[in-house]
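Could you keep the model open beside you while you read my notes?

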Amino acid sequence: MTSNRGRAPGLALAMLLLSACAGSPVAEQEPGDTGALLLTNARLIDLSGEAPRIEEPAFLLVRGGEIAAIGDATSNFTADQIIDLEGRTVTPGLVDMHVHVWDETELDAYLSYGVTTVRNLSGMPFHLVLQDEIARGERLGPRLLTSGPILNSAGANQQDNHQLVETAEEARAAVAWQAEAGFTRLKVYSNLTRDAYEAALDEARLRGMAVTGHSPEGIRALGVPESEPFNIAFGEIIDDGFETLEHVETIVWHGLRARKDEAAARALARQLADDGVGVTPTRVAHHNLLRMAETEGAAAEREGVELLNPFVQGLEAEVKAYWASADRVPLQQEDAFQARMTKILAEEGVRLLAGSDAGTFINVPGQSLIDELRLLVDAGLTPFEALQTATWNAALVLGESDANGCVEAGCAADLTVYSCDPLADIDCAASVSGVVRNGEWLGQERLQGLRRAATQHDVERTQANIVAGLAAQGTPVPDF
């Protein structure tokens with residue numbers, strides 16, 4: 001994530017010891033003969049309604065990557081693999097709707113935290129390869145959805161990996177290249193000129209691409225937003241059919257012109273709800289800036305940052321140093337209002353999605369989604385509402401509610417198992433004791449192995465991925 005005031009994303013280089021998943025192992029029973037997976041004595045939580053639907057003790061039969069049936073001890077289900085969950089809680093697998101994947105090792109980290117789907121929002125050709133390998137079952141990983149390269153114009157928020165366009169013709173050509181390369185969603189960004197944005201939006205519609213990202217502002221004049229309006233008003237883009245708008249920080253900056261005005265915030269939230277625009281708040285992304293300032297940089301060395309990509313972290317050293325020395329007081333004020341804005345959005349009926357901006361700054365893959373759920377609860381959502389943002393709401397926004405984000409017969413067998421009750425305490429979301437990914441059981445020992453594997457970074461491969469991606473999209477390759 002980047003600030004609308006022109007900061008770059010940051011990452012950190014550290015190699016720490018693995019933290020083990022909480023909870024004791026589940027028991028595996030003698031096999032049956034049906035070529036399926038059976039979870040017994042489970043506490044199932046379906047999150048697809050106005051209130052959680054809980055079924056216990058439940059027996060859940062998985063076959064062919066989906067839930068085949070749900071019953072009880074009298075159902076006489078048999079399977080090749082039988083796992084006694086001993087009353088543990090099962091929910092749909094978590095979805096992180098805003099990540100930045102730089103290398104395949106990060107995929108292991110997401111699974112180890114119970115994240116079974118990620119939406120990558122800074123795509124390069126290697127993401128398409130990973131996406132297809134995972135979909136074909138050739139590679140273990142969370143289901144990977146990816147945008148193409150970030151489409152932006154020159155300005156305060158441009159970054160080296162952005163595909164920069166200024167004119168309508170350039171924008172159409174860039175979107176056409178992305179579509180023909182195989183990307184099915186377009187991520188637009190803050191600095192896009194009006195001509196480039198309108199042409200990109202039209203081309204994406206013609207090619208059937210979903211559009212997501214920051215709200216484009218147009219050319220930023222001196223005095224914006226305090227004394228001068230944005231070139232593209234926030235209200236102009238609300239009904240443009242975005243899959244989601246990213247970052248509550250962006251909504252405050254662009255939609256409220258950086259004002260901490262609750263009345264205006266509520267009116268804007270009603271407009272977003274009326275137009276059916278989903279919002280990914282990514283509270284954790286801004287909150288981690290505050291953590292850096294409050295700890296004078298120590299947050300960049302906390303447990304878990306060994307999962308961040310060291311090549312990208314090396315490029316971000318100056319950014320981390322900047323926020324480590326930043327004044328915490330204005331950041332605290334911004335953080336508090338962003339929490340309030342998040343609650344207002346929820347109160348007015350805006351569909352919220354869980355996203356972590358993981359892979360940038362000190363936002364750790366997997367871990368940061370759990371932090372995001374905690375921050376949503378801190379902002380005033382219930383644990384049930386927070387869990388919905390990472391499950392059912394994502395399925396609705398992605399148009400997948402017939403098969404994802406649910407726990408019933410016919411739903412995808414992407415499930416997360418907890419050693420406690422996340423509806424009672426959202427901190428339980430960190431206590432993952434098992435995962436089912438596309439019908440495959442991953443027990444605690446396997447998850448710990450994935451977490452360890454996620455620390456084994458390949459810097460040369462990461463650099464090669466990025467260089468190849470920049471060359472493919474026509475972006476000059478910086479001198480790394």
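Below are my numbered points, one topic at a time.

1. A word on the ground rules. This is a predicted model, in which local features need pLDDT of at least 70 and side-chain atom pairs count only at pLDDT 80 or more, while totals for chains, interfaces and linings use all residues. Residues are numbered from 1 along each chain as its sequence is written, and side-chain values use heavy atoms, with hydrogens and water left out.

2. Let's begin with a helix pair. Helices and strands here are DSSP runs (H or I, at least four residues, for helices; E, at least two, for strands), numbered from the N terminus. Helix H1 (residues 105-112) and helix H15 (residues 444-453) have axes that come within 8 Å and cross at roughly 145°. Those axes are lines fitted to C-alpha atoms, for helices over the stretch in contact, with angles running from 0 to 180 degrees between N-to-C directions. The crossing of H1 past H15 is left-handed, a term for the near helix being turned anticlockwise from the far one by less than a right angle, with clockwise giving right-handed.

3. Which residues of H1 and H15 make the contact? From H1 they are Thr 105, Asp 108, Leu 111 and Ser 112, and from H15 they are Leu 447, Leu 450, Arg 451 and Ala 453; contact means heavy atoms within 4.5 Å. By type, the residues of this contact divide into four nonpolar, two polar and two charged. In that scheme Ala, Val, Leu, Ile, Met, Phe, Trp, Tyr, Cys and Pro count as nonpolar, Asp, Glu, Lys and Arg as charged, and the others, Gly among them, as polar.

4. Do have a look at Arg 437, which sits in strand S17 (residues 432-437). Arg 437 is buried, with a relative accessible area of 9%; buried means under 20% relative accessible area, exposed over 50%, and partly exposed in between (1.4 Å probe, protein chains only). Its side chain reaches the backbone oxygen of Gly 141 at 2.7 Å. Leaving aside neighbours within four places in sequence, the contacts of Arg 437 include Leu 111, Ile 134, Pro 142, Asp 414 and Leu 442.

5. How many disulfides does a search of the whole structure find? There are two, a disulfide being a pair of cysteine sulfur atoms within 2.5 Å. With the bonded cysteines numbered in sequence order, the pairing is 1-2, 3-4.

6. Cys 406 is joined to Cys 411, S to S 2.0 Å. This link is left-handed, with -120° about the S-S bond, and both Cys 406 and Cys 411 are buried.

7. The other bond joins Cys 420 to Cys 428, S to S 2.2 Å. Here the torsion about the S-S bond is about 110°, so the disulfide is right-handed. Cys 420 is partly exposed at a relative accessible area of 30%, whereas Cys 428 counts as buried at 3%.

8. Helix H6 (residues 248-255) is mostly covered, with seven of its eight residues buried. Among them are Glu 249, Trp 253 and His 254. The elements covering the buried residues of H6 include helix H5 (234-237), helix H7 (262-274), helix H8 (283-295) and helix H11 (328-347). After H6 comes Arg 257, with a positive phi near 50°.

9. Finally, Leu 315 is found in helix H9 (residues 310-315) and is partly exposed, at 46% relative accessibility. Leu 315 and Gly 399 are 84 residues apart in sequence and 36 Å apart in space, C-alpha to C-alpha.

Conventions
Polar contact = N/O pair within 3.5 Å; in protein donor to acceptor, adjacent residues only side chain to side chain.
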